[in-house]
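Reader: Could you take me through this structure and tell me, for each term you use, what it rests on?

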Amino acid sequence: MTRPRIAYAGMTHLGLCSAIAAAAQGFATLGVDADASLIARITAGDLPVREPGLDDLLRAHRDRINFSADAAALRACDLVYVAPDVPTDGSGVSDLSGIDTLLDIVLANTRDDATIVILSQVPPGFTRARQRPGRTILYQVETLVFARAVERATKPERFILGCLDPDAPLPPAWQTFLESFGCPLLSMRLESAELAKISINCALAASVTTANTLAELCERVGADWSEIGPALKLDARIGPYAYLAPGLGLAGGNIERDLATVMRLSDQHGTDAGMIRAIVANSIHRKDWALRELNEALLATSPQARIGVLGLAYKENTHSVKNSAALALIAQLAVCPMRAFDPAVPASAARHPNLTAASNALEAARDVDALAIMTPWPEFRDLAPDDLALLMRGRLVLDPYRVLDATAARAAGLDYRTLGARAS
C-alpha cells in the first residue's frame, strides 16, 4: 500500500514526541489536540515539553507534520494513535477519564477503515472493554522514557502489540508504519500487551531496589557500590544495560503507577504482591537518604542551618517534578533557610516559606552550611569543588549521583557523602 497517513490524538508528552518521531520516519503526520492554545504554541515551534533533541527533530521534519485543534482532520488519516499522558494521583492511581473522552472523539471523527491504536498506559482489560460494534481498537506498548524520548521513539528495540487475534495479520497501515523501523514486532493478546508494559516497569523497579538495598549496605560496611555495579553488568544473566545505579527512590510517576496497579490487581484476584510492596517501601525509605544524612551530620546540632539545593526535577534533562526527591526534601526542611537552583524548573515549584531562588548553581551554594545535589544535571558536573568550598559557609556536600569528583571534593576539604559508599 502507499505510505499511510499517521495521526496522534493528545499532544502531551507521549503523543507529541511520538508524532514528531513518525514524521522523522518519513510519514505524513498529524498531531491533534482540543486545546487550541496548545496547538498554536506547538505550531509556532514552542514545544511544551523539554526533551534533548526534540526541537531539532521537529525543525528537520517540519514539512511532514501538521497540528490541528479540529478533530475532523483525523478523517484523512489511515492510522490514528490515541496517545494522551494519563495522569496519576499521589498513590499512583491512574485517572482514565481523559483517555475515554479522547477515544470517543477519535472514533467519531475517523473513517471506519482507519486503524485505531491506544498508545497510552492503561491497565489490563482496558482496551478489550472499549471495543465498539464495527470498530476494532488495538493497543501498543509505549516505551517513552523521560529525557530519552527522542532516542526511544526513533530507535525502538521492538514493538509490543495488543491484538484481538494475535495470529491474524496486522492492519496494513499499522504494519507498514511499524515495519519501517526495522525492529521485531511482537503480537499478543490485548491483556498480555497491557500487562507486558507493567511487567517491564516491575523488572526495572526490582533492579533499582536491589541496587538501593545493597548500596545502602555499602555505606555501612566500607564497600563501594561503584565498584560492584560494573561487575554485575558483566554477568550475562544481568546484562550491561541493567538498572543498577542507586538513586533516591522511584520518581516520575510511571513506575509508581504500574506498581500500584499490580498491588490493586493482586488484591482483587488474591495473588501475592509481597515483592512489589517491598519495592514501594524501599523507595519511600531511600527517598529520605538526604534528610537522614543532613540530620546526622548537621541538623542535629544546627537545626536551622542554611541549605542549598541543586536540582528540583526528578531526573536530569526534564522539567518534570513528579515525585521529585528534591521537592520532598525541601518540604521537610521548613525551618531551614534555603537556596535552590534548577536549569529547567523554577524554584517556585518547591513549597517552602523561606526559599530563595538562585540565579545559577554557584549562587545556590553561596553561604550555605550544606549543599545537596539532588538532580544529576550535566552542567553540575562542571562545578569545581574548590569553588564550592570557597562559597559555602559549611563543609557538608551531599552528592547522591556522584556528580562531583569525589577525590577533588575531599581534597577541597568538603565533607563529601554519596550513595553506595561510606562518608568521608
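**Terms and the values behind them**

Author: In this predicted model, helix α12 (residues 289–299) lies across β9, β12, β13 (396–398) and β14, and runs at about 170° to β13.

Reader: What is the order of the strands in the open sheet of 6 strands?

Author: The order is β11-β10-β9-β12-β13-β14, with parallel pairing. β11 (355–357) and β14 (415–417) stand at the edges because each has a single partner strand, so one side of each is left without a neighbour in the sheet. From one strand to the next the twist averages 20°.

Reader: How do you know that strand β9 and strand β12 pair?

Author: Two strands pair if there are at least two bridges between them, and strand β9 (residues 307–310) and strand β12 (residues 370–373) are joined in the parallel sense over 4 bridges, so they pair. Within this pairing, isoleucine 307 stands opposite alanine 370 in β12.

Reader: Why is the aromatic pair of tyrosine 8 and tyrosine 81 called stacked?

Author: The centres of tyrosine 8 and tyrosine 81 are 4.9 Å apart and the angle between the planes is 10°; since rings pair with centres within 6.5 Å and count as stacked with planes under 30 degrees apart, the pair is stacked. Tyrosine 8 lies in strand β1 (residues 6–9) and tyrosine 81 in strand β4, so the pair ties together parts that are 73 residues apart in sequence. Both tyrosine 8 and tyrosine 81 are buried.

Reader: What makes the pair of phenylalanine 159 and phenylalanine 181 edge-to-face?

Author: Their ring centres are 5.4 Å apart and their planes stand at 80°, and because planes over 60 degrees apart count as edge-to-face, the pair is given that name. Phenylalanine 159 is in strand β7 (residues 159–163), whereas phenylalanine 181 is in the loop between α7 (172–179) and β8, 22 residues apart.

Reader: Why does phenylalanine 159 count as buried, and why does phenylalanine 181?

Author: Buried means under 20% relative accessible area; phenylalanine 159 has 9% relative accessibility and therefore counts as buried, and phenylalanine 181, at 15%, therefore counts as buried too. Both belong to one aromatic cluster, formed by Tyr8, Phe27, Tyr81, Phe159, Phe177 and Phe181.

Reader: How far from the centre of the ring of phenylalanine 27 is the charged end of arginine 3?

Author: The charged end of arginine 3 sits over that ring at 3.9 Å from its centre. Elsewhere, arginine 130 lies over the face of phenylalanine 126, 3.7 Å from the ring centre.

Methods: Residues are numbered from 1 along each chain as its sequence is written. This is a predicted model: local features need pLDDT of at least 70, side-chain atom pairs count only at pLDDT 80 or more; totals for chains, interfaces and linings use all residues. Side-chain values use heavy atoms; hydrogens and water are left out. Helices (H or I, at least four residues) and strands (E, at least two) are DSSP runs, numbered from the N terminus. Axes are lines fitted to C-alpha atoms, for helices over the stretch in contact, and angles run from 0 to 180 degrees between N-to-C directions. Contact means heavy atoms within 4.5 Å. Rings of Phe, Tyr and Trp (its six-membered ring) pair if their centres lie within 6.5 Å; planes under 30 degrees apart count as stacked, over 60 as edge-to-face and the rest as tilted. Buried means under 20% relative accessible area, exposed over 50%, partly exposed in between (1.4 Å probe, protein chains only). A charge sits over a ring if NZ of Lys or CZ of Arg is within 6 Å of the ring centre and within 35 degrees of the ring normal.
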